[in-house]
Amino acid sequence: MSDKQNARETRDRYSLRGKVYESIREDILSGRYQQGTELKEAAIGTELGVSRTPVREALRQLELEGLVNIIPNRGAYVNMITAKDVQDIYIIRSMLEGLCARWATQNITEEQLEDLEETLCLSEYHTQKGHYEKLYELDSLFHEQLYCAAGSRILNHVLSDFHDYVKRVRRESIAFADRPVKSTMEHRAIFEAVKVKDAEQAEALAREHIKHTIENIQVYGLDKIL
């Protein structure tokens with residue numbers, strides 16, 4: 001077999017493993033699998049139309065991430081995000097989101113600024129209409145755009161993972177009380193600070209935004225979601 005064929009097979013294998021990993025990870029974080037559910041390689045492979053090998057590799061990767069617990073000679077089991085994990089994630093996010101907003105202020109391009117404003121305008125429209133599922137998508141997009149604008153691959157990766165870990169909490173709590181209106185207003189304030197290049201204000205507002213989200217979740221009750 002030629003070097004090119006070897007390289008192609010290796011690339012395809014890791015690409016397949018990545019798709020399997022993302023699929024299982026999404027099922028865990030979305031709540032499809034409950035705490036302690038056994039993840040059977042053969043069953044998952046059949047469902048996804050792949051062999052057991054990429055499933056096994058994906059489960060090992062998820063074990064490193066803390067979402068799967070592999071017990072020798074027994075199997076792989078779901079290790080869900082706990083209420084304590086959620087609280088910790090939001091506390092850490094409050095600091096990192098502030099840093100992200102500061103760096104975005106310093107590095108954002110005109111095109112990125114326009115994209116951010118478009119997302120914000122759509123959020124304001126759907127807030128008025130009460131379209132909560134659309135607001136959830138736009139909330140995610142707004143933060144993702146800020147992560148990219150910050151210009152740090154490492155910070156983007158960490159914050160994106162944290163954002164994914166609490167997706168169930170965000171989806172359930174975004175429609176609670178008057179949080180959609182306040183959240184959109186907070187996004188607008190962050191955007192305006194970034195737009196005028198006020199890094200300190202952008203950082204402070206981003207931190208407050210996450211703190212308000214934590215408070216909203218605590219009022220809503222994590223036990224209703226997890």
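**Exercise 1: Order of elements**

Task: State the order of the elements from the N terminus on.

Solution: From the N terminus on, the order reads α-α-α-β-β-α-α-α-α-α-α-α. The protein has ten helices and two strands; helices (H or I, at least four residues) and strands (E, at least two) are DSSP runs, numbered from the N terminus.

The model is predicted: local features need pLDDT of at least 70, side-chain atom pairs count only at pLDDT 80 or more, and totals for chains, interfaces and linings use all residues. Residues are numbered from 1 along each chain as its sequence is written, and side-chain values use heavy atoms, with hydrogens and water left out.

**Exercise 2: Confidence**

Task: Determine the average pLDDT of the protein and where pLDDT stays under 50.

Solution: pLDDT is the predictor's confidence in each residue, from 0 to 100. The average is 88, and 90% of the residues score at least 70. Over residues 1–13, pLDDT stays under 50. For that segment the model has three contacts (heavy atoms within 4.5 Å) beyond four places in sequence.

**Exercise 3: Burial and M95**

Task: Find what share of the residues is buried, and classify M95 as buried, exposed or partly exposed.

Solution: Buried means under 20% relative accessible area, exposed over 50%, partly exposed in between (1.4 Å probe, protein chains only). Of the 226 residues, 42% are buried. M95 is found in helix α4, residues 83–107. Its relative accessible area is 45%, so M95 is partly exposed.
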